[in-house]
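Here is a short report on backbone and surface details. Please keep the model open while reading.

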Amino acid sequence: MKSLHDLHLSHNAQMGVYNNRTVPAVYNDAIVEYKAVRENALLVDYSHMSIISVMGDDAWALVNHMASADISIIRDEQGMYSLVLREDGSIRGDIYTLCTPDGYYIISENIPASEIIACLSEILERAEEMDILEIPEIKSMEHDDWGAIMLEGPYSWEILAEVYGFDIIGLPYHEYINQDDGLLVFRCGKHGEFAYMVLGQQTALVELWANLLDKGEKFLLKTGGLEYQNTVRIENTSWDETIYANYSRNPVELQMQWAVQYDKEDFIGKSMITELSQENAKRKLIGIRPLVECAGIAPDDQVLVGDKEVGIIVKSVYSPALQSFIALALIEQDYAWSDIEGFDIHTAAGNVSAKTQSVPFLYNLSMLVSPTEHSYIDCSKARHAS
């Protein structure tokens, strides 16, 4: 088996299209995949990620102009999360930038590789103005048959350590290790759990996939498709185009200003996002939960205070961990405070009393697991702090 795609078809995964790539949407029942990522570990093909190589002495200036965060401060084997803004200050998408001795890898799950390359090429039209003397070499790693897989969950570190050794246990957040098999292991994650993205050639990823399933059997490791994100990305919020794009791309409204570094030199959209940050946003994204049992909450449901509409539901899911529906809402600034009762959500089945809540909704099990003290399989150690 030379590709992850063929591997998944041979195991009857339900495939879907994400970021112009075909990868598994579902491998098991939704609750099986959910419990794995929240309680043990889940193995997912993340080959929908665009991976762009930007190599050369002046690569940093080029990549730094595209990113909203200051990537000039990261060094070899470090990564950084950032937004990519449009000229009007709205969110185009998000990226990880990984620093190498020769340049950078840009990784994005919602901006196609062709658009990233087009954006970089447009910046290069101003190369002389930006003191870019040596034009970096830019290419999509898809041409080198690269893909990505994600191992995520409270004990993902312990499974990966069985393959790559104990260096994995000490790998800091947003740093990576180059392995002897040619793969790159990057510690990252958006859902509050230990998470490791492994990048490299498909043939090596196929071997690693099989090895992880073998080593992970005693950890009750499960395979998953990208549909698991539908729940975990509401419980632990992060930028996801499928959730927000129809409602807002404003980093201020969506409370994602932490990913924008206003004091760095110019970057795409800097002047407009600076203006937006100095204005009072009319709405803010906030969590909201029903105070009583309800049949469901849907996007576009109105958020009411008395008879006054003060907001709109952006996305809602049933959280198995919380045994409740949870929702994200854009609410008028004056009402967008956490832990406030007195709201109603106007659902298809009638009004439901609700209370605002700060996000994330969950306190993840990974927060109670220490790789130096706990173990899922070693009976001499506790599984997690109580």
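Is aspartate 300 buried, partly exposed or exposed? Its relative accessibility is 49%, so aspartate 300 counts as partly exposed. Buried means under 20% relative accessible area, exposed over 50%, and partly exposed lies in between (1.4 Å probe, protein chains only).

This is a predicted model: local features need pLDDT of at least 70, side-chain atom pairs count only at pLDDT 80 or more, and totals for chains, interfaces and linings use all residues. Residues are numbered from 1 along each chain as its sequence is written, and side-chain values use heavy atoms, without hydrogens and water.

**Backbone**

Most residues other than glycine have a negative phi, and most peptide bonds are trans. Aspartate 300 has a positive phi of about 80°, and aspartate 145 has one of about 65°. Helices (H or I, at least four residues) and strands (E, at least two) are DSSP runs, numbered from the N terminus.

| Residue | Phi | Loop |
|---|---|---|
| Aspartate 145 | about 65° | between β8 (137–140) and β9 (146–152) |
| Aspartate 300 | about 80° | between β14 (283–290) and β15 (302–305) |

Aspartate 145 counts as partly exposed because its relative accessibility is 41%. The peptide bond from valine 359 to proline 360 is cis, with omega near 5°. Proline 360 sits in the segment after β19 (350–357).

**Record**

UniProt, in an unreviewed entry, places "domain: GCVT N-terminal" at residues 4–264. Such annotations may be inferred rather than shown by experiment. Over residues 4–264 the chain is 28% helix and 28% strand. The end C-alpha atoms of that stretch are 40 Å apart.
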